[in-house]
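Hi everyone, thanks for coming along.

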Amino acid sequence: MTNSSLHATYMQKCISLAEQSPPRPTNFRVGAILLSRKEDDPTGSSDKILSTGYTMELAGNTHAEQCCLSNFAAVHNVPEDQVASVLPAEPGRKLIMYVTMEPCGKRLSGNAPCVQRITRTREGGRAGIHKVYFGVKEPGTFVGASEGCKMLTAAGIEWEHVGGFEREILTVATAGHENAEAEVRAALGEGEKESQKETNVDDISPEERRRQEQIPRNPKKRMMEGETLLY
C-alpha cells in the first residue's frame with residue numbers, strides 16, 4: 001500500500017465514523033482514529049488502531065477527538081484528562097491521529113478545544129500524539145477563522161492535510177445544518193469562483209471595446225443613461 005492510499009484508507013474510515021454521529025444544527029459530524037505506527041513504515045502494515053470516536057458518541061456536546069481519547073481512557077480505567085498517563089510510548093513507534101476535520105482550537109461551549117486535548121498528551125515530557133492527519137480545514141461557521149493547525153505547530157505536533165475528500169467530509173459534517181449546501185460551497189470557495197466568472201469591464205480587449213461602441217444603441221436606453229437626444 002502506498003503512502004497516499006494508506007492515508008486515504010484511514011480518511012474513509014474516519015468518514016464512516018462521522019456518519020454515525022447524529023445530525024445537529026450546532027456542530028460538525030466528525031470521525032477520528034488514534035493509532036500507533038512503526039517509524040519509517042510507509043505501508044502502515046504495522047499499524048495498531050488504539051481507539052476511535054465520533055461527534056456526540058459520548059454524552060454531552062462531545063467532539064470526535066474528545067470521544068476517541070475518552071474511549072481509550074475508559075478502557076484503561078482513567079479519567080479522560082489523564083489519558084496521557086496510559087497512552088503507549090513504545091520505542092520505534094509513534095502515535096498518530098486521523099480525523100476528518102482540522103481539530104478545533106476554540107469552543108463556544110467552554111469545553112476544552114480538541115487541540116488542547118491533543119497537546120496535553122505531550123505534557124510532562126511524554127511522547128504523546130506525534131502527528132495529526134485531517135481531511136479539511138474547520139469552516140468558520142461557529143467560531144470564525146480556524147487556528148487548530150497553528151496551535152498544533154506551536155505545540156510541536158506535526159500535521160498534514162489529506163486532500164481529495166473535502167466535499168464528502170463537509171457534506172457529512174454539515175448534515176442537519178439549515179443551509180448545509182451553501183455552507184459546503186462556501187467552505188470549498190465555490191461562491192468566490194462563481195463571482196470571478198462574471199465579466200469584468202476592465203478585462204475587455206481594446207478591439208472588443210471598439211466593436212461594442214460601433215453597435216447601434218437603443219435610443220430609450222440612451223435616455224435612461226442620461227444622454228441628450230436630438231430629434
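Before we count anything, a word on terms: helices (H or I, at least four residues) and strands (E, at least two) are DSSP runs, numbered from the N terminus. With that, the chain has nine helices and five strands. Going along the sequence, their order reads α-β-β-α-β-α-β-α-β-α-α-α-α-α.

Some housekeeping. This is a predicted model, in which local features need pLDDT of at least 70 and side-chain atom pairs count only at pLDDT 80 or more, while totals for chains, interfaces and linings use all residues. Residues are numbered from 1 along each chain as its sequence is written, and side-chain values use heavy atoms, with hydrogens and water left out.

So what is pLDDT? That's the predictor's confidence in each residue, from 0 to 100. Here the chain's mean is 85, and 78% of the residues reach 70 or more. Where does pLDDT stay under 50? One stretch is residues 194–199, where the model has zero contacts beyond four places in sequence; a contact means heavy atoms within 4.5 Å. Another is residues 218–231, with eight such contacts. Where pLDDT is low, the predicted coordinates should not be read in detail.

Now the chain as a whole. I'll say "buried" for under 20% relative accessible area, "exposed" for over 50%, and "partly exposed" in between (1.4 Å probe, protein chains only). Of the 231 residues in the chain, 41% are buried. Take the contacts between residues at least 6 apart in sequence: 65% of them join residues at least 24 apart. The chain exposes about 13000 Å², with carbon and sulfur atoms supplying 50% of that. Those areas come from the Shrake-Rupley method with a 1.4 Å probe, and for residues only the protein chains shown count as cover.

Let's zoom in on two helices. In α5, which spans 166–173, the buried residues include I169, L170, V172 and A173. Why do they sit on the same side of α5? Because they cover an arc of only 160° around the axis, the arc being that of the directions from the helix axis to the C-beta atoms. If you're wondering about the geometry, an α-helix has 3.6 residues a turn, so residues three or four places apart point the same way. And what do the buried residues of α5 pack against? The partners are α1 (3–18), β3, β4 (129–136) and α6.

Next is α6, residues 180–187, where A180, E183 and V184 are buried. These cover an arc of only 100° around the axis, which puts them on the same side of α6. After α6 comes G189, with a positive phi near 75°.

On to salt bridges, meaning a side-chain nitrogen of Lys or Arg within 4 Å of a carboxyl oxygen of Asp or Glu. The structure holds six of them, and I'll show you some.

One joins D47 and R37, with the closest N and O atoms 2.9 Å apart. D47 is in the loop between β1 (31–38) and β2 (48–54) while R37 is in β1, so the pair ties together parts 10 residues apart in sequence. Both D47 and R37 are buried.

Another joins K48 and E90, at 3.7 Å between the closest N and O atoms. K48 is in strand β2 and E90 in the loop between α2 (64–75) and β3 (93–101), so to speak distant parts of the chain, 42 residues apart. K48 is partly exposed at 40% relative accessibility, and E90 is partly exposed too, at 33%.

Then there's R167 with E190, where the closest N and O atoms are 2.1 Å apart. This pair links R167 in helix α5 to E190 in helix α7 (residues 190–197), 23 residues apart.

Last topic: aromatic rings. Rings of Phe, Tyr and Trp (its six-membered ring) pair if their centres lie within 6.5 Å; planes under 30 degrees apart count as stacked, over 60 as edge-to-face and the rest as tilted. The structure holds three aromatic pairs. In one of them, Y98 and Y133 have ring centres 4.8 Å apart and planes at 10°, so the pair is stacked. Y98 lies in strand β3 and Y133 in strand β4, so parts 35 residues apart in sequence are tied together. Y98 counts as buried at 0% relative accessibility, and Y133 does at 7%. Together, Y10, Y98 and Y133 form one aromatic cluster.
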